[in-house]
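Trainee: I've got a structure open and a few things I'd like to ask about. Can we go through them together?

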Amino acid sequence: MKSPGTLLTPIDTESVLAGGAFVHLDGTLHGSFTTRDFASAVRLVDQAAEAADAMNHHPDVRIGYGRVGFRLSSHDAGGVTDRDLRLALRIQELADAQGADRAPVQPARYDVAIDCTDAEAIRPFWRVGLGYVEVDSEGETELVDPSGQGPRIWFQSMDIVRTERNRIHLDVYVPTIDAESRVQDIIAAGGDVLTDEHAPEWWVLADPEGNELCVCTTVY
């Protein structure tokens, strides 16, 4: 493992997490378990909370009847660090000891990309229309839903207006381990790969009428 505070990539964590409940996407470790009943779910949360306190970590937890979900991220570092990885492995141990099963988890993030020649001119329209707020993302201004429910909106700068294709497309971010199978499933559903030159960072695909979808992974 890398030193505390160093951001870990999905490549760094993939082999360590293999076979367990946790997957790495978008700067977060996502894990979900099924338990015998609600009391068992509460017990697992209590044990995980004790382990988290010992590490000075505070994961997001969702609990229901016979099901517990965890999201681990070091907000002070802006992604997944050794602290998150150690807590994920400890939660996995606690879940295994209790007989909890791994629940299928397929986290994803959805973005809408808008081709434009003047983002400053069109951004206010989308911000006001959707009730979104502006955020800085690596020097670019994007729009996000303040409730955290809607897709992120980003603006792809074009020197010349592109008229031969739809100027709005969707991006779906999936765990690196799932990306190639998602691409193959899309092809089986009638899609075409327009380019895979940037894979595994992203693939560009299109439906039978040319509408585009990018399947993406994240660096952290």
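This is a predicted model: local features need pLDDT of at least 70, side-chain atom pairs count only at pLDDT 80 or more; totals for chains, interfaces and linings use all residues.

Trainee: Okay, which helix holds Phe-38?

Mentor: Look at the run covering residues 38–54. Phe-38 belongs to that stretch, which is helix H2.

Trainee: Is Phe-38 buried, partly exposed or exposed?

Mentor: Buried means under 20% relative accessible area and exposed means over 50%, with partly exposed in between. Phe-38 has a relative accessible area of 40%, so this residue is partly exposed.

Trainee: Moving on, where is Val-161?

Mentor: Find strand S9 (152–157) and strand S10 (168–173). Val-161 sits between them, in the loop.

Trainee: Which residues is Val-161 in contact with, leaving aside neighbours within four places in sequence?

Mentor: Contact means heavy atoms within 4.5 Å. With those sequence neighbours set aside, the contacts of Val-161 are Thr-117 and Arg-167.

Trainee: How far apart are the C-alpha atoms of Val-161 and Cys-116?

Mentor: Along the chain, these two are 45 residues apart.

Trainee: Last one: how far apart in space are Ser-181 and Gly-210?

Mentor: Start from Ser-181 in helix H5 (residues 176–188). Gly-210 is 29 residues away in sequence. C-alpha to C-alpha, the distance is 21 Å.

Key: Residues are numbered from 1 along each chain as its sequence is written. Side-chain values use heavy atoms; hydrogens and water are left out. Helices (H or I, at least four residues) and strands (E, at least two) are DSSP runs, numbered from the N terminus. Buried means under 20% relative accessible area, exposed over 50%, partly exposed in between (1.4 Å probe, protein chains only).
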